[in-house]
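User: I'd like to learn how to read side-chain and helix packing in a model like this one. Could you walk me through it, feature by feature?

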Amino acid sequence: MTTYWCEHAVLPGGARRHVRVVTDHGRIVEVLSDSAIEPGDTVLHGLVLPGLANAHSHAFHRALRGRTHGEEGNFWTWRDGMYALADHLDPDSYRRLATAVFAEMVLAGYTVVGEFHYLHHGPGGRPYDDPNAMGTALVEAAAAAGLRLTLLDTVYLAGGLTGSGHLPLDDVQQRFSDGSAEAWLERVAALRPGGTWRVGAAVHSVRAVPCDDLALVGDAARREQWPLHAHLSEQPGENLACESFYGRTPARLLADEGLLSGTTSLVHATHLTDDDVTLLGGAGACAVFCPTTERDLADGIGPARALAEAGARLAVGSDQHAVVDPFEEVRGVEMHERLTTLERGRFTPTDLLAMGTLDGYHSLGWPDGGILASNHVADLVAVRTDSPRTAGCALDQVLYAATSADVTDVVVGGEHVVSEGRHRLGDVGHLLVEAISEVRR
């Protein structure tokens, strides 16, 4: 057993002082408040939070940070640079890059990630000897970085969608595709999850997966009890094309094909109609907002409060990693609401914490995470309360002031992965420099 003594910790009933968290085999077996330090306890100062969930990630996009701002453009011009980067990756370079990126996430306070994985094959779409070599690289990277992982293996079959129909795959997109939904399912069925990683399913978007293939993906997710994710209405152009060709919004199309449920997560959900909001809320689906990416790519601001009131759950992700900071993401949901409504307090501090922890874990198929309670996974994050940013904050409002720089300790599955601000792999900045330099040559 390993015991962590927390100066303060956020428990289901709120912040408590002098909390002992007893763990065994990666799980919490007991939580005690107002407890004295005992010999052998690992002391965590500041405020200890449940593990923070990054519900949407594309690890290789991290190599684009700080390199896309020299010209005007939009999501579509940014995508050209992303495709060029993808063309330089193989399983070995992908593992090294993802290890560094995942270590950056843990250092920032993330303890679980949903990796939206569509870079499956080699150049020209040729499978590697192991058809899951790229996915295995991500699994190995997460294990090395000490990060819990849901590998959201993604279906990608078409090159886009216009009012006239789906487009063929281009040269780079061939790497993303298995050729058919049946072939995708056969490849994913060979994965053998265990320990701190699980499998989930993902539909890249209604642009990339024709309607006739959607039901198969949804059926597979239900049968295998996989969480199901999809990009949804990130751009007005996606909506226009879907409505022109299918006569329905993307959300209505997914609903008609049986893909909306309480285990479905819709990423971005930015440009929704009132009917779309009702559909997502009625299904009890989760909307995964990525505020730092959505502002970086000039995507827009989604209807977070309206979705919550309709019955949807909310989670957050760092997506393309323009920023890796869970506090900035959850804060961004509230701040974007303030900008669009001219009102403050659209979400309570408790709401924001749930977005970053409990609901994020649920989105990724870990219902036993995101909370400091017995019989849950032992994922903890310690945050300074005496830094230049957090000094003087009320404990329940630290999320409004803290940044990733305030994270001192991170425990994942009972393992002390970050201690006193240092990751067990060493200098994460150096790892990133080396990995990014390799794929940008």
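This is a predicted model: local features need pLDDT of at least 70, side-chain atom pairs count only at pLDDT 80 or more; totals for chains, interfaces and linings use all residues.

User: How many aromatic pairs does the structure hold, and what is the geometry between Tyr118 and Phe176?

Analyst: Look at the distance between ring centres first, then at the angle between planes; an angle over 60 degrees is read as edge-to-face. The whole structure has seven aromatic pairs.

User: What does Phe176 do with Tyr156?

Analyst: Those two rings also form an edge-to-face pair, 5.0 Å centre to centre with 65° between the planes. Tyr156 is in the loop between strand S7 (148–155) and strand S8 (160–162), and the pair links it to Phe176, 20 residues away. Ring pairs join Phe60, Tyr94, Tyr118, Tyr156 and Phe176 into a cluster.

User: Which charged residues lie over the ring of Trp366?

Analyst: Here you check whether a charged end sits above the face of a ring. Arg198 has its charged end over the Trp366 ring, 3.5 Å from the centre. Arg148 lies over the face of Trp366 as well, at 4.8 Å from the ring centre.

User: How many disulfides are there?

Analyst: The test is whether two cysteine sulfurs lie within 2.5 Å. By that rule the count is zero. Take Cys6: its nearest cysteine sulfur belongs to Cys393, 19 Å away. Cys6 is buried, at 0% relative accessible area. For Cys242, the nearest cysteine sulfur is that of Cys211, at 8.6 Å, and Cys242 is in no disulfide. Cys242 is likewise buried, with a relative accessible area of 0%.

User: Finally, at what angle do helices H2 and H14 pack?

Analyst: For helix packing, read the angle and the distance between axes together. H2 (residues 91–108) and H14 (residues 428–439) pack at about 150°, and their axes are 9 Å apart. An angle over 145 degrees counts as roughly antiparallel, which is how H2 runs relative to H14. Their crossing is left-handed.

Definitions and conventions:
Residues are numbered from 1 along each chain as its sequence is written. Side-chain values use heavy atoms; hydrogens and water are left out. Rings of Phe, Tyr and Trp (its six-membered ring) pair if their centres lie within 6.5 Å; planes under 30 degrees apart count as stacked, over 60 as edge-to-face and the rest as tilted. Helices (H or I, at least four residues) and strands (E, at least two) are DSSP runs, numbered from the N terminus. A charge sits over a ring if NZ of Lys or CZ of Arg is within 6 Å of the ring centre and within 35 degrees of the ring normal. Buried means under 20% relative accessible area, exposed over 50%, partly exposed in between (1.4 Å probe, protein chains only). Axes are lines fitted to C-alpha atoms, for helices over the stretch in contact, and angles run from 0 to 180 degrees between N-to-C directions. Angles under 35 degrees count as roughly parallel, over 145 as roughly antiparallel, 65 to 115 as roughly perpendicular and the rest as oblique. A crossing is left-handed if the near helix is turned anticlockwise from the far one by less than a right angle, and right-handed if clockwise.
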